[in-house]
Amino acid sequence: MKTLVSAALGLGLLASAAQAHAVLERKQAAPGAPYRGVVQIMHGCNGKPTTRVSVTIPEGLVGAKPMPKPGWTLATTRGPYAKTYATHHGTASEGVTAITWSGGSLPDDQVDEFTFLAQVAGTFEPGATVYVPVQQDCAEGSYSWSEIPKAGQDAHDLKAAAPSFRIVQVAQAAAAAATVKAGDLTIETPWLRATPNGAKVAGGYVRITNTGSAPDTLTGATVPFAKSSDIHSMSMEGGVMKMAPVTGGLTIKPGETVELKPGGYHLMFEDLTGAPKAGETVAGTLTFQRAGAVPVTFTVAPIGAGAPGGQHQHQH
């Protein structure tokens, strides 16, 4: 697929991007990799609050799952794909084709995000552009961000261009996904250690900086192949390395950077139903008391690695 052309939603009330627009936070993704689609709604409709956001999931984004938003009602539409796709869990010939958040009220002078997770089909070629149409309805008026440029046309010339991202090589996508902003938190380089088949636990690591004026606490994490997780600490007692759960979560104070790494604080994913393989990327979440659930992409380093680059080390 060189360019993905989705069915355009009916054009509603149109305006220039200076008046209102919807954009995707993440501008790149790799074939076969997870994609965190964060639709940012920048303005309302001529001063009126946004009350409904509907995202069309284009062909080639497989297994889409929405994130709920407090105060909004979530609905999905399912349907068949044009073809069958290989996924990390087998094959898929149907799935979510549209996601709608409704019933909330986003004032014209505020910005908010509407998030979904999906897998990018391995059939995309680097250089392709994927368009994700968005319908924005307000208390009065609406916008349909669904225009897709024709061959040779510049998307910037369109009045209501659909949000888009480009398909890039795996290394480029991993670099783009390495840092995530969540409120006052900067989350850098989430990664996992690969595990042998049959392993029941896996270690996870990440660097978190709090640039705000209030503390926040990391309380948990999720990945698709683990039934549960804990935050653990490691310490030396009498020459023996001991590991214990961190009760109440791990607090990041204002101005502080906390690094979860081998031999220190780390995430322990338990009751595994699969084995992460070196070189893969894994869509997951980190959960904080203030920032809430934050989608991240874990890269997977080799078994025993002491860093994302793959240096060997023996601790968890």
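Is arginine 36 buried or exposed? In this predicted model, in which local features need pLDDT of at least 70, side-chain atom pairs count only at pLDDT 80 or more, and totals for chains, interfaces and linings use all residues, arginine 36 is buried, with a relative accessible area of 7%; buried here means under 20% relative accessible area, exposed means over 50%, and partly exposed lies in between (1.4 Å probe, protein chains only). Residues are numbered from 1 along each chain as its sequence is written, and side-chain values use heavy atoms, with hydrogens and water left out.

The partner of arginine 36 is glutamate 25, with which it forms a salt bridge whose closest N and O atoms are 3.2 Å apart, a salt bridge being a side-chain nitrogen of Lys or Arg within 4 Å of a carboxyl oxygen of Asp or Glu. Glutamate 25 lies in the loop between E1 and strand E2 (28-29), whereas arginine 36 belongs to strand E3 (residues 34-41), so the pair ties together parts that are 11 residues apart in sequence. Strands, like helices, are DSSP runs numbered from the N terminus (strands: E, at least two residues; helices: H or I, at least four residues). In contrast to the buried arginine 36, glutamate 25 is partly exposed, at a relative accessible area of 27%.

By this rule, the count of salt bridges comes to 6. One of them links glutamate 94 with arginine 78, the closest N and O atoms being 3.9 Å apart. Because glutamate 94 lies in strand E7 (residues 90-106) and arginine 78 in strand E6 (residues 73-87), this pair ties together parts that are 16 residues apart in sequence. Glutamate 94 counts as partly exposed at 47% relative accessibility, while arginine 78, at 54%, counts as exposed. A further salt bridge is formed by arginine 207 and glutamate 188, with the closest N and O atoms 3.3 Å apart; arginine 207 is in strand E15 (residues 201-210) and glutamate 188 in strand E14 (residues 185-193), so parts that are 19 residues apart in sequence are tied together. Arginine 207 is partly exposed, with a relative accessible area of 34%, and glutamate 188 is likewise counted as partly exposed, at 25% relative accessibility. Through salt bridges that share partners, Glu188, Arg207 and Glu259 are joined into one network.

Strand E3, which carries arginine 36, takes part in an open sheet of 4 strands in the order E1-E3-E8-E5, with antiparallel pairing; two strands pair if DSSP finds at least two bridges between them. Strand E1 (22-24) and strand E5 (61-66) stand at the edges with a single partner strand each, so one side of each is left without a neighbour in the sheet. Neighbouring strands of this sheet are turned by 25° against each other on average, direction ignored, where axes are lines fitted to C-alpha atoms (for helices over the stretch in contact) and angles run from 0 to 180 degrees between N-to-C directions. E5 is joined to strand E8 (residues 112-120) by 4 bridges, the two running antiparallel, and proline 66 has phenylalanine 116 in E8 as its bridge partner.

Strands E6 and E7 belong to an open sheet of 5 strands, ordered E6-E7-E4-E10-E11 and paired in the antiparallel sense. Its edge strands are E6 and strand E11 (142-145), each of which pairs on one side only, and neighbouring strands are turned by 15° against each other on average, direction ignored. Within this sheet, strand E4 (residues 50-56) has 5 of its 7 residues buried, so it is largely enclosed by the rest of the structure. E4 pairs with E7 over 6 antiparallel bridges, the bridge partner of serine 54 being threonine 100 in E7. E4 also pairs with strand E10 (residues 134-138) in the antiparallel sense, over 5 bridges, and threonine 50 stands opposite cysteine 138 in E10. E10 is in turn joined to E11 by 4 bridges, again antiparallel, with serine 144 in E11 as the bridge partner of glutamine 135.

The second largest pocket holds about 550 Å³ of space, and of its 23 lining residues the closest to the centre are Ala155, His156, Ala161, Ala162 and Ser164. A pocket is an open set of points on a 1 Å grid over the protein atoms alone, where a 1.4 Å probe fits, with protein on both sides within 12 Å along at least five of seven lines, and lining residues have an atom within 4 Å of a point. Two or more residues of this lining come from each of E1, strand E9 (129-131) and strand E12 (164-167).

Notes
Grid points are joined across faces, edges and corners, and a volume is the space filled by probe spheres set on the points.
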